[in-house]
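Please read them alongside the structure.

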Amino acid sequence: MGLQCGIVGLPNVGKSTLFNAISNNKAEAANFPFCTIEPNVGVISVPDARLKILEDLVKPQRVLPTAIEFVDIAGLVKGASKGEGLGNQFLANIREVDAIVHVVRCFDNDNIVHVDGRVNPVSDKEIIDTELQLKDLESVDKKIARVERAAKNGDAKMKKELSVLQVYKDTLLSGKNARTLQLDEDDKKAVEDLQLLTAKPVIYVTNVDEGSIHTGNKYVDALKEHVKDENAEVVVISAAIEAQIAELESAEDREVFLQEYGLTESGLNKLLRASYSLLNLITYFTAGEKEVRAWPIKKGWKAPQAAGVIHTDFEKGFIRAEVIKLSDYQQYKTEQACKEAGKMSVEGKEYVVADGDIMHFRFNV
């Protein structure tokens, strides 16, 4: 399953610096490649120590980690919902992503002019929100106009859908994002086809100065308080530090650099983990001589769904899954030894895949 996060933010908040750091990032190891597939799209691998464990045990020809695409979505300014700043084009780009990474300026610097002349992360966030809400309101209004006719003719299903659409409209008119609504999954289907921008999960990246990287600051605190009801992730990053890390050639140099700042990991790694968590993802692995590979799936997926990530035929013709836990693989060293020790379980269609499972699927199409 492709994973894509769109990076948004006002001018001069550090969005481009962060994206450039992502684009220039040197992989933690040769097996974790980075590539740029378009000028504004970067793909970076999700670090996972379990891949190294499996690589050492299996000695495959190649190792393929999970990758996340980051899309640099420029041009969001006041009036974007009406087409200002190429707004329509960039809002369309946001509609395609799985999650939004909203970069917010949380640092003072007289040499970097703020677009509104002052640093206020809550206000900045609300400017972007307003543009996304206005675009969503436009989408909801268009669907209400379509559904109303059927509802007036007595269609019970359309009456129910109309009432849900009205809830979304009222929420957006009140200046709140669609993601703040607590609705059941059936009700959410009423707007599923609209791909509402403010319904997408969001990570707020607070871009701070170097001195605030450990504790945050008053700007970070204000933003956290403001978004506490949004079920959103907040990550503290110094884009300036990330840019410096991206310039270092070796893992050893990056490690020394992080130690100098008292950091155990880069902000980019924190962002990757937050993206994974926000999208409610876990990882299972396949391991063989040709390749060891990490596969992202939604938490709670059953074995056939997980198999379908590899190929739709695997899901259609699913027979069973053979599952080994990583700890058992580490202890017994090989798949055959795990099988002989009774540590390979055979699971059917109702098996809920666990994070870190090593799986082999049997199917027939």
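**Notes on the predicted model**

1. Strand β11 is joined to strand β12 (residues 344–347) by four bridges, and the two run antiparallel; within this pairing, Ala321 stands opposite Glu347 in β12. Strands here are DSSP runs of E with at least two residues, helices are runs of H or I with at least four residues, and both are numbered from the N terminus. Two strands are taken to pair if DSSP finds at least two bridges between them.

2. Residues are numbered from 1 along each chain as its sequence is written, and side-chain values use heavy atoms, with hydrogens and water left out.

3. Five of the seven residues of β11 are buried, so the strand is largely enclosed by the rest of the structure. Here buried means under 20% relative accessible area, exposed means over 50%, and partly exposed lies in between (1.4 Å probe, protein chains only).

4. Strand β1 (residues 4–8) is likewise largely enclosed by the rest of the structure, because five of its five residues are buried. Gln4, Gly6 and Val8 point one way from the strand while Cys5 and Ile7 point the other way, and all are buried. The pairing of β1 is parallel with both of the strands considered here: four bridges join it to β5 (residues 67–72), and four bridges join it to β6 (residues 99–105). Ile7 takes part on both sides, standing opposite Asp72 in β5 and opposite Val101 in β6.

5. Helix α5 (residues 156–173) has 18 residues and reaches 26 Å from its first C-alpha to its last, close to the 26 Å expected at 1.5 Å a residue; that expected span is 1.5 Å times one less than the number of residues. Its buried residues are Met158, Glu161, Val164, Leu165, Tyr168, Thr171 and Leu172. Seen down the helix axis, these buried residues fall within an arc of 140 degrees, so they line one face of α5, the arc being that of the directions from the helix axis to the C-beta atoms. The face turned away from this buried side carries the exposed residues Ala156 and Leu173, and what covers the buried residues includes α4 (121–152) and α6 (185–188).

6. The two ends of α5 also deserve attention. Just after the helix, Gly175 takes a positive phi of about 85 degrees.

7. Which residues does Lys302 contact, leaving aside its neighbours within four places in sequence? They are Lys349, Glu350, Tyr351, Val352 and Val353, where contact means heavy atoms within 4.5 Å. Lys302 is found in the loop between β10 (291–298) and α11 (303–310), and it counts as partly exposed at 31% relative accessibility. Its C-alpha atom is separated by 5.7 Å from that of Val353, although the two residues are 51 residues apart along the chain. The side chains of Lys302 and Glu350 are joined by a polar contact of 2.5 Å.

8. Gln195, in the loop between α6 and β7 (202–207), has a positive phi of about 50 degrees and is partly exposed, with a relative accessible area of 36%. Asn280, in the loop between α10 (267–278) and β9 (281–287), has a positive phi of about 60 degrees and counts as partly exposed at 36% relative accessibility. As background, most residues other than glycine have a negative phi.

9. For the protein chain as a whole, there are 14 helices and 13 strands, and 48% of the 365 residues count as buried. Among contacts between residues at least 6 apart in sequence, 70% join residues at least 24 apart.

How values were computed. Predicted model: local features only at pLDDT ≥ 70, side-chain atom pairs only at ≥ 80, totals over all residues. Polar contact = N/O pair within 3.5 Å; in protein donor to acceptor, adjacent residues only side chain to side chain.
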